[in-house]
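Me: I am new to protein structures and would like to learn how to read one. Could you take me through it slowly?

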Amino acid sequence: MSREQGAPVGRRLFMGMGAAFWSVAGLVLGRPALAADPAVASVVKLRGQALAARNGKNVMLEVGVPLQVGDAIRTGPDSRMKIQFLDGSTATLGENSKLSLDQASFDKAASKRDIGSTLLDGIVRCVVAKAAAGSSFQVSSSLVTSAARSTEWIVAIKNHTTSLLVLEG
């Protein structure tokens, strides 16, 4: 199919597979419908393709696109994406990664935050900004939950195995 006739086959296939995956994941995990929450993060770097399942629709991501609680993010083959939360913390996803933004709240006046996400597949590198006591930043998987206040770490899931590497902190 030519580009003049519509989206390239690879992009349509990627979006279709993403929609099917997140529909099934939502049923399996028993998550409520995605809410139209305000932005809690944004895409700051992107190489390749990535999408977010939001309110039953797929949103193709690009630099500057805001992300919301409930977004189910998926990177494509040979893709990398870096997102930055409102507190300055970052999460960098590798190719074929699937990350759900489960919760995020920020209290700038008290320098507190509460961020929770679930890595369903792939790899994510987190660099967590300093915050006040009582703040949390968590990445969960089916096997483990990692949390920190000010550190840098990588979580990877491949072939039903979860790996965790602390780089600093």
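Reply: Gladly! Let's begin with pairing: two strands pair if DSSP finds at least two bridges between them. Helices (H or I, at least four residues) and strands (E, at least two) are DSSP runs, numbered from the N terminus. In this predicted model, local features need pLDDT of at least 70, side-chain atom pairs count only at pLDDT 80 or more, and totals for chains, interfaces and linings use all residues. Residues are numbered from 1 along each chain as its sequence is written, and side-chain values use heavy atoms, leaving out hydrogens and water.

Me: In which sense do strand 6 and strand 7 pair?

Reply: They pair in the antiparallel sense, over four bridges. One place to look is glutamine 84, which stands opposite threonine 90 in strand 7.

Me: Which residue is the bridge partner of leucine 93 in strand 9?

Reply: That is valine 124. Strand 7 and strand 9 also pair in the antiparallel sense, with four bridges.

Me: How many helices and strands does the protein have?

Reply: There is one helix, and there are 13 strands. Along the sequence, the pattern is α-β-β-β-β-β-β-β-β-β-β-β-β-β.

Me: Now for burial: is serine 79 buried or exposed?

Reply: Here is the general idea first: buried means under 20% relative accessible area, exposed over 50%, and partly exposed in between (1.4 Å probe, protein chains only). Serine 79 has a relative accessible area of 1%, so this residue is buried. You will find serine 79 in the loop between strand 5 (72-75) and strand 6. Contact means heavy atoms within 4.5 Å. Leaving aside neighbours within four places in sequence, serine 79 is in contact with Arg47, Gly48, Gln49, Leu93, Gly94 and Glu95. Across the protein, buried residues make up 38% of the 169 residues.

Me: Which residues touch the most other members of the largest nonpolar core?

Reply: A nonpolar core is a set of buried Ala, Val, Leu, Ile, Met, Phe, Trp, Tyr and Cys residues joined through side-chain atoms within 4.5 Å. The largest one here has 27 residues, and Leu61, Leu67, Ile73, Ile83, Phe85 and Val124 touch the most other members. Among the elements giving two or more residues to this core are strand 6 (80-85), strand 7 (90-93) and strand 9 (112-127). Strand 9 supplies the largest share, four residues.
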